[in-house]
Amino acid sequence: MSLEAPKVNADPLTVIRSQLLQAAQAARIRAHRRHRRRTIAAGLLTMGCLAVGTASAATGDFTTGVAAIDRLLSVDGPADVQSGSMGTSEPIAIPRDGGRLYVSAYSTDSGAICVAQSLHSDSDTSGAAEGGLGGCVQRQELVDKLQRGEIVWATALLLDKQRIFVGYAPSVASDVRVRQAKIPTSVKLAPAWRPDGAPQTDFKVLAVYDRAPELATSNSTPSDDDLTALVQDYPMVDAVDDEGHPLRNRSE
Amino acid sequence: VNRYARLADDQLLVQTRDDVEAFAEFYDRRAQDVLRFFLWRGLPREDAVDLTAEVFAAVLTSVHRYRPERGPATAWLYAIARNKLSKSLRRGRVERAARIKLGLAPVSFSDEALDRVEEQLDASQQVSVDQLDALPPAERSAVQARVIDGRDYEGIAAEQRATAAAIRQRVQRGLTKLGKTVRELP
């Protein structure tokens, strides 16, 4: 027989608020008592709370809300990087030391287009992957910019010494060129993809990656600020058509 | 009179260390934004609500580490949200560490309750979008990217071929015109 907690019908944010305030008050009282009396009993109370919490920690499996992204991120079983046709764009594979990073786009019910990243290690044969959900762009905003021939950036990652910028290019783009690249930079474009139920939202997922310039030559540990600056330095790129002509309206 | 209403978010977090009511005000200002952050990324609403609870539990358990001089309160809040989302993805289940630490029991909500919270968010979102339509294109685009999509200034600046300072100014100008009824996300 399985025991399931009754479902609460009250406003979730109000219930959470009440729980948090009670817990905060209780924690404050416990801390105050501990401070005043410094007894072992107060310590046991805290341990008791931890134990109760641990016992009730089992929850249902987590999901991203998009089955294909769950498969890409190996949320439920081995990662499936071929799941391009069911709710996600075809993943782009980016080689990295000891494995690959796959990036893919998906559409949400709230009208956003988001990217997901799935990190795979060559040495792990179980198919497990480490995943992450990147930035989201509102669908209409994306459509407007793509129609003007623009590249729309979604997220930037720093993996070891590799920088990876992920975005969206117009579906008619046959290539994306990096302007004024100071170091060798690679570009990958996924095949054109259109989310289900989103007419005129065709686009190509784009990944631009390089060896982060300062990190590639430095053996010292960079500061958090240095690392942040590196991934905020989005490359200047142009989407071009089959004949090499830029798609973006240069008169802007 | 709510004596915390006039305090900025970072002041509320500093006060939270000694006063639970300051936390209540911070929660009231930001809970919907955090919930929207998760729903916007496509999470099922049960998980989005669960993660929202986890984020604010983490605010309570780690607020003593918050340093206002290192950045705005909302940046700290959304760093927690992103971290909780990453951990949940990595482990295949909704992260619960902070709630366990606080001794919070798990709560399961009815479909009706979840419908209501979604409706509230939809309503506030609708107001935002309607208001955005009244702004000039440059400001609308900046506010949209920053407030609705939750993107960082530098990323928006690179995309819109402007400096981060210019984008920041457009967002501030746009929010001022909207009477600041739309809250800014980090």
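Trainee: In what order do the elements of chain B run from the N terminus on?
Mentor: They run α-α-α-α-α-β-α-α-α-α. That comes to nine helices and one strand. Helices (H or I, at least four residues) and strands (E, at least two) are DSSP runs, numbered from the N terminus.

Trainee: What kind of model is this?
Mentor: This is a predicted model: local features need pLDDT of at least 70, side-chain atom pairs count only at pLDDT 80 or more, and totals for chains, interfaces and linings use all residues. Residues are numbered from 1 along each chain as its sequence is written, chains are lettered from A and ligands numbered from 1 in the order in which they are written, and side-chain values use heavy atoms, with hydrogens and water left out.

Trainee: OK. How much of chain B is buried?
Mentor: Of its 186 residues, 56% are buried. Buried means under 20% relative accessible area, exposed over 50%, partly exposed in between (1.4 Å probe, protein chains only).

Trainee: And what about chain A?
Mentor: There, 45% of the 252 residues count as buried. Chain A has six helices and eleven strands.

Trainee: Back to chain B. At what angle do H2 and H3 pack?
Mentor: About 140 degrees, with the axes 9 Å apart. H2(B) covers residues 20-40 and H3(B) covers residues 45-62. Axes are lines fitted to C-alpha atoms, for helices over the stretch in contact, and angles run from 0 to 180 degrees between N-to-C directions.

Trainee: Which residues meet there?
Mentor: From H2(B), they include Phe23(B), Phe26(B), Tyr27(B) and Arg30(B). From H3(B), they include Arg45(B), Ala48(B), Val49(B) and Thr52(B). Contact means heavy atoms within 4.5 Å.

Trainee: How many of the residues in that contact are nonpolar?
Mentor: The contact of H2(B) with H3(B) has 15 nonpolar residues, one polar and two charged. Ala, Val, Leu, Ile, Met, Phe, Trp, Tyr, Cys and Pro count as nonpolar, Asp, Glu, Lys and Arg as charged, and the others, Gly among them, as polar.

Trainee: New topic. What is the strand order in the open sheet of chain A?
Mentor: The order is S6-S7-S10-S9, and the pairing is antiparallel. Two strands pair if DSSP finds at least two bridges between them.

Trainee: Why is one side of S6 and of S9 left without a neighbour in the sheet?
Mentor: S6(A), residues 152-159, and S9(A), residues 185-189, stand at the edges, so each has a single partner strand. Neighbouring strands of this sheet are turned by 20 degrees against each other on average, direction ignored.

Trainee: What packs on the sheet?
Mentor: Helix H4(A), residues 139-147, does. H4(A) touches S6(A), S7(A) and S10(A). Its direction makes about 80 degrees with that of S7(A).

Trainee: Which residues of H4 are buried?
Mentor: Arg139(A), Glu141(A), Leu142(A), Val143(A), Lys145(A) and Leu146(A). After the helix comes Gly149(A), with a positive phi near 80 degrees.

Trainee: And S7: how many of its residues are buried?
Mentor: Nine of its nine residues are buried.

Trainee: How many bridges join S7 to S10?
Mentor: Nine, and the two strands run antiparallel. Pro170(A) stands opposite Phe203(A) in S10(A).

Trainee: Over how many bridges do S6 and S7 pair?
Mentor: Seven, in the antiparallel sense. Val152(A) stands opposite Tyr168(A) in S7(A). Two residues lie between the strands of this hairpin, where Asp160(A) takes a positive phi near 50 degrees.

Trainee: Last one. How many bridges join S9 to S10?
Mentor: Five, again between antiparallel strands. Thr185(A) stands opposite Asp210(A) in S10(A).
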